[in-house]
Amino acid sequence: MKYTYLTLVFLIIISGCKTSEKIVEKKEIDQDLINFLFKDYIGEKPSASFIVIKDGQIKDCQSFGYADLENKILANRETNYRLASVTKQFTAMGILTLINQGKLDYNTKLTEVIPEFPEYGKKITIKNLMSHRSGLQPYNKLYPNDEKKQLVDKEVLNLLIKQDSLLFPANTKYKYSNSGYAVLAMIIERVSGKTFQDFMAEEIFEKIDMTNSTVYSKDLQIKNRAYGYKFNDSIYENRDQNIWSAILGDGGIYSSVSDYAKWDKSLYNETLVKSNLIDDAFSNWDENGKTNGKGYGFGWQIDIKNGKKYLLHGGSTTGFLNTTLRIPSEKITVVIYTNTSSLGGLKRKALFLASYFSDGKIPLPAYILLQKDIEENGIENITAKFNQLKSDNNKYDIIKEDLRSLGFSYFKKEPEKSLKIFELIKVEFPDFYGGHFGLAQYYAYKTEGNNEKAVEYYKKAVELLPIEKQRLIKYSKNMIKKLSE
């Protein structure tokens, strides 16, 4: 299925944008390129909805596929997806709202709000919880493996209260913590005297007209709801809920890309909280306090590229995969929501869309263009295409890890394409482990009688792998031992 950009009205029809919304005139988009980005969602498949916002105006919004496969309901910009961990930016804002109201501060101790918490809670602050530096144990490790009942935030709290220790002393390390954000939801309830659902509705959603958004509860009829799916062999099966799906603070909000535009607007003003608190959310926090570097803020992952701050957060749960990207210096926001966890690459898609609509201020990720060229012209042209992209590094961004991912995207079904890509990586980036590791995998699993070659490449990969890639280092060493026997 292909679309051609004809008129603004046609764009509104295919994207599900309501005509009452102000959609700005823009340059003609390459709809074939957009279709390629979202080709896995076109047709009778689970859906993807995206929106691009620049300078406060919607530049593009489109939806592909079905929000509800069983009832053949197409997705649109009002479709409500389970946000999973994208919820954390809203939960953090709930805490910031209470700080803005003078009911909490960053140094409020966990035990000041929840006095029944064990002794170790006296050293955990609100700030530690928001920045994933609490040391709380992960709730999924504390819940019995054979338990079928859905866990809720209060039960997460009860599980944690039964523990007598932390993973590490508070504020000494960063470790992403769903437990921490479940506890934050309980703190919001204790301090506000309202349910998490009511607090978010009254203090955030209603104030910025996010009328389509809600916090999940089992008996709630969620309007415009997308249901989650997982690909199983040859069909998509409904996988909308699991035992973690009823936990709210870390992932329980349902919302649409249309409502995200209203949320995004509020982050540029003081409708919800003072600007200094928003700046705190967008800053990295470590053991020494607030910094301007990479890391994690309050509900946001923070990256710095070419002097620009990138605010990101993904969300993954059974049946749903989402990503959000904001580049405040360029006033660009990209949001992609999907109702299947069987597909990936959303962050790359978001980066590509941000680049595409940046008027040349952000280099285009080469990954997508290389992939599209391979699909259209075959693998034999990859070196020529790569050299073309490499020749203009101001316009195209070549990321080595993306190239490695591109190689492995063909590994299962078209390994010869993988081979060509890994060979290109090895030649172009000889000091990068990715090409060598890819070639090792190819000769170990896709050919016979090439163990020596595979071992040679695994050894080179081990030599080049950075120390933080311990899992791959261990795997490669095990493969060397196995293939050498």
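I began with lysine 262, which counts as partly exposed at 23% relative accessibility. A reminder to myself: this is a predicted model.

Next I looked up the partner of lysine 262. Aspartate 209 forms a salt bridge with lysine 262, and their closest N and O atoms are 3.8 Å apart. That sits inside the 4 Å cut-off, so I kept the pair on my list. Aspartate 209 is in the loop between α9 (196-205) and β6 (214-215), while lysine 262 belongs to helix α10 (residues 257-266), so this pair ties together parts 53 residues apart in sequence. Aspartate 209 is also partly exposed, with 42% relative accessibility.

Then I turned to helix α15 (residues 400-409), where arginine 404 and glutamate 401 are 3 residues apart, about one helical turn. Their side chains meet in a salt bridge at 3.0 Å, N to O. Buried or partly exposed, I asked myself about arginine 404? Arginine 404 is buried, as its relative accessible area is 16%, under the 20% limit. Glutamate 401 has a relative accessible area of 25% and is partly exposed.

I also checked lysine 149, which forms a salt bridge with glutamate 155; the closest N and O atoms there are 2.9 Å apart.

Which residues are linked in a network of salt bridges? I found Lys194, Glu202, Glu203 and Lys207 linked in this way.

Last, I noted the total: the structure holds 29 salt bridges.

Note on methods
Residues numbered from 1 in each chain as written. Predicted model: local features only at pLDDT ≥ 70, side-chain atom pairs only at ≥ 80, totals over all residues. Heavy atoms only, no water. Helix = DSSP H or I, 4+ residues; strand = E, 2+ residues; numbered from the N terminus. Buried < 20%, exposed > 50% of the residue type's maximum accessible area, 1.4 Å probe, protein only.
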